[in-house]
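Let's take a friendly walk through a structure together. Have a look at the chains below, and then we will go through them step by step.

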Protein chains: 2
Amino acid sequence: MTNPVLAEVLRGEEVESRHRGSLVVCDAAGGVVLAVGDVEGRVFPRSAVKSIQALPLVESGAADAFGFTNKELALACASHNGEPEHAARAQSMLEKAGLGEADLECGTHWPSRQNTALDLAKGGKHPNQLHNNCSGKHSGFLCTCAHQHIAPRGYVTAEHRLQEIVRDAMESVTGAKHDAAHRGIDGCSIPTYAVPLKSLARGFARMATGEGLEPHRAAAARRLFAACMAEPFFVAGTDRADTAIMRAGEGRVMVKIGAEGVYCGAVPELGLGFALKCEDGASRAAEAIVARLLVILMRGDEAFAERFEQIANPIFTNWNGLVVGGVRTPEAFA
Amino acid sequence: MTNPVLAEVLRGEEVESRHRGSLVVCDAAGGVVLAVGDVEGRVFPRSAVKSIQALPLVESGAADAFGFTNKELALACASHNGEPEHAARAQSMLEKAGLGEADLECGTHWPSRQNTALDLAKGGKHPNQLHNNCSGKHSGFLCTCAHQHIAPRGYVTAEHRLQEIVRDAMESVTGAKHDAAHRGIDGCSIPTYAVPLKSLARGFARMATGEGLEPHRAAAARRLFAACMAEPFFVAGTDRADTAIMRAGEGRVMVKIGAEGVYCGAVPELGLGFALKCEDGASRAAEAIVARLLVILMRGDEAFAERFEQIANPIFTNWNGLVVGGVRTPEAFA
């Protein structure tokens, strides 16, 4: 099955590049509302499922024991820019559990946001693991270990008790088997499992509605989604699509990007979850497509649509500030 | 026409993302040796044709008048990292023509190479137009203007005399009309024209062999290609594919990447030029595909193939240095 073109990159009036992909919108029972391209094929959700991976942090009571607010919960679901507020908040999460940066096993990289990296360098500083875009998720993992009296060392490996608990949560929410045959290693060293795209959409519908989940899990899911929507800066940061989309959504939309062109999300008031994969892995296309999908799902709400138009059809300027092109997404996904 | 998958991105054993594209190999007469996907469709070559755009610098006598060596000629054809050697060489080119950084109209961006940008920031410095990846090309343009007594101001606009001369060179070499209907603005503000992919491959065969070009132009083309192959660091820089490929090619291969997944090149000893476009614009795929194509074109030369294997099938490691995946290109393009 050949996936259709879901986003075109324009230079002047000419199409310069094309992004193909698949997307699916489901209700919590798995009923398909919209399907485009190959939605049964397996994709690695990567960071798009951090909110599901954060369920044990809330369900175990760790989040309450450490007094975590929406900001910490949002950061546990985040792929953040490594801005000072992100790194500081991850550090304070760890400190509340009697742990520190050295306990993280996500590895170090310069902050994803160029200006933040340059500011660090200007100050003569080097990044540490707190600047890793996944440090909030890893801090949540470590806090869960601490609260559950699980020895944290090696918590990133598939065989560690923490990853078993996380995998159980992902299997129960998505309904998809997470087996070693479809396991890869993520950028931050934890396992990532390729699962059918449709199972991710259904999982997000369940997270948003609580339908099909035990009450304790449903409450944890609602709390995590509410935290992300309330504190979108802590899910991503300055000039990032997740943050811009959830701000524009004003508490009605949960979204999360994953590496390699994945986007998952939900519109709780519609009872719907969705998942999409740009087949070539491009974030620029996934971001535009998810914004377009939201406009389509909320059809009729003009004020909502207007706030998303710029994300669905972004404009590119060059180093002299001239408009040189942009991204175009279709009016409808047929 | 649906372009085939030319590169797969792996995570573990699973295909995570796919890159489609088209490629074509031609001789100087336009005879097609290999064609995959849509090779008649128009693509913006972007920076891949800087060597053709540098012809007036040599043909006008400016390069000789200013005493330019292979390093300056390579830099005039470059999309460089903005490393200190690149910025300094661009500055010295301008100074020889009595001009300076302020005469450039390419705009400013932080050096493309992260470590170079961070080093600049650590030193409390800011980038200027010399760090723009196109500063060598623009310095070449300005030197041509100076030598030809063309007022340089506005030299980036399609209507400026310099751009007319550049456009004439591109039309004569590629054999393709460069018209306003298919014109876009490049990142560095000069015009870029969408032309059939096949015309780019033929143009590179002509540049490499001189066939079909006037003797004066043929000599200039050979000199520019020789300069790039002799000084590949000045064409791109540290850890860049153009530099790695031309080093591995040991003077037998000319290549140049363009933005949005374009690669052009030639193997002079075979009398062949080639052009490829990854339809989604991904450099990581274009780089792997061009290395694979070179191995295929040089089939039978095992030592050559061995040096290119790592570029054709790169391995990805994560922040902890674990191997997590890589890019796979096909053994043959069918």
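In α8(B), the residues Ser172(B), Val173(B) and Thr174(B) touch Ser199(B), Leu200(B), Arg202(B), Gly203(B), Arg206(B) and Met207(B) of α9(B), where contact means heavy atoms within 4.5 Å. By class, three nonpolar, four polar and two charged residues make up this contact. Here Ala, Val, Leu, Ile, Met, Phe, Trp, Tyr, Cys and Pro count as nonpolar, Asp, Glu, Lys and Arg as charged, and the others, Gly among them, as polar. Helices (H or I, at least four residues) and strands (E, at least two) are DSSP runs, numbered from the N terminus.

This is a predicted model: local features need pLDDT of at least 70, side-chain atom pairs count only at pLDDT 80 or more, and totals for chains, interfaces and linings use all residues. Residues are numbered from 1 along each chain as its sequence is written, chains are lettered from A and ligands numbered from 1 in the order in which they are written, and side-chain values use heavy atoms, with hydrogens and water left out.

How do the two helices cross? The axes of α8 (residues 161-174) and α9 (residues 197-209) of chain B come within 8 Å and cross at roughly 95°. The axes are lines fitted to C-alpha atoms, for helices over the stretch in contact, with angles running from 0 to 180 degrees between N-to-C directions. α8(B) and α9(B) are therefore roughly perpendicular to each other, a label for angles of 65 to 115 degrees.

Now turn to the two chains. 46 residues of chain A are in contact with 47 of chain B. Six salt bridges are counted between chain A and chain B, a salt bridge being a side-chain nitrogen of Lys or Arg within 4 Å of a carboxyl oxygen of Asp or Glu. One joins Arg20(B) to Glu279(A), with the closest N and O atoms 2.9 Å apart. On the side of chain A that touches chain B, β2(A) gives the largest share, six residues.

Within chain A, Arg223(A) and Asp64(A) also form a salt bridge (2.9 Å, N to O). This pair links distant parts of the chain, 159 residues apart.

Technical notes:
Parallel < 35°, antiparallel > 145°, perpendicular 65-115°, else oblique.
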